[in-house]
Amino acid sequence: MAFRVLQFNMQFGQVWHDAYPDRAPINLDATLAEIRQHEADIILLQEVEHAQPGGAQANPPPHYTRLSAALPGYSSWFSYPKADVRELPFGIGLAIFSKTPLRDTIKRDLPSPPVEFDFFGKKTTPTDRLLIGAKTTLQGKELQLYNTHLLAFFMLGSSSTTHPFQREIVANQISAWPGPTLLAGDFNVSQHKTLISQFADKGFKTVQQDEITWRRRPYVLDHNFYNSPLRCVRHEVKPTPVSDHHVLLADFEFA
């Protein structure tokens with residue numbers, strides 16, 4: 001029996017506007033409607049919250065709290081990245097939702113290198129990123145879930161191939177357990193063939209690498225990786241106006 005996994009960078013509920021994408025309104029009702037319609041067994045979300053000035057992190061996280069209330073019947077796990085005064089006003093925070101109970105939750109900081117860049121006339125360096133994980137039992141089998149959001153080196157005039165440390169931490173983490181494992185997220189790798197090859201060396205395949213998943217540039221940034229105890233039976237990149245990313249859906253069976 002297949003189970004459905006939804007991967008989505010929800011951009012803290014900010015809808016897409018072709019002319020003024022950075023000034024579009026936040027509409028969490030539209031985000032929820034998009035998520036609900038796919039009836040996924042597992043939901044992996046990035047950029048759940050909107051970063052606040054000075055690195056402040058609202059507790060409880062408001063969007064995650066609302067999502068949890070609006071998705072009854074799901075077990076969930078959320079984490080912010082490490083608080084940092086340098087945080088820029090974009091999306092932060094990762095969440096995993098599952099129709100089966102989650103346990104053994106983890107979080108790992110992914111350090112960012114001191115690559116200096118200009119943000120509206122101010123020199124700064126990037127904040128650290130995050131990997132979270134949890135286990136669940138589905139159809140009587142133990143399933144390891146991971147969710148991540150890596151630094152967009154291409155936005156800084158650099159490359160994660162040049163600075164591979166975040167990718168290496170993730171690759172080593174997902175290969176530490178031989179059982180059924182899923183890793184989804186926004187990997188922010190514009191030249192994604194190197195990422196596909198790196199994770200293939202660890203025994204993981206992505207469900208798709210051809211259809212664009214980001215509206216701002218023609219890149220495949222979002223992936224759902226899986227190892228050999230799982231089989232992907234169908235997948236779809238679902239365009240949506242409720243984020244600057246599209247929804248990535250994948251149906252899996254235990255091999």
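The model is predicted, so local features need pLDDT of at least 70 and side-chain atom pairs count only at pLDDT 80 or more, while totals for chains, interfaces and linings use all residues. Residues are numbered from 1 along each chain as its sequence is written, and side-chain values use heavy atoms, with hydrogens and water left out.

Let us begin with the sheet. Six strands form an open sheet with mixed pairing, in the order β7-β10-β11-β12-β14-β13. Strands are DSSP runs of E with at least two residues, helices are runs of H or I with at least four, and both are numbered from the N terminus. Two strands pair if DSSP finds at least two bridges between them. At the edges are β7 (102-110) and β13 (204-206), each of which pairs on one side only.

Within this sheet, β10 (residues 129-138) and β11 (residues 141-149) run antiparallel and are joined by nine bridges. Isoleucine 132, for example, has asparagine 147 in β11 as its bridge partner.

Next, the helices. Helix α3 (residues 165-174) packs on the sheet and touches β7, β10, β11, β12 (181-186) and β13; contact means heavy atoms within 4.5 Å. Helix α4 also packs on the sheet, touching β12, β13 and β14 (222-227).

Leaving aside neighbours within four places in sequence, glutamine 198 is in contact with Arg167, Glu168 and Ala171.

Methods. Axes fitted to C-alpha atoms, helices over the stretch in contact; angles between N-to-C directions.
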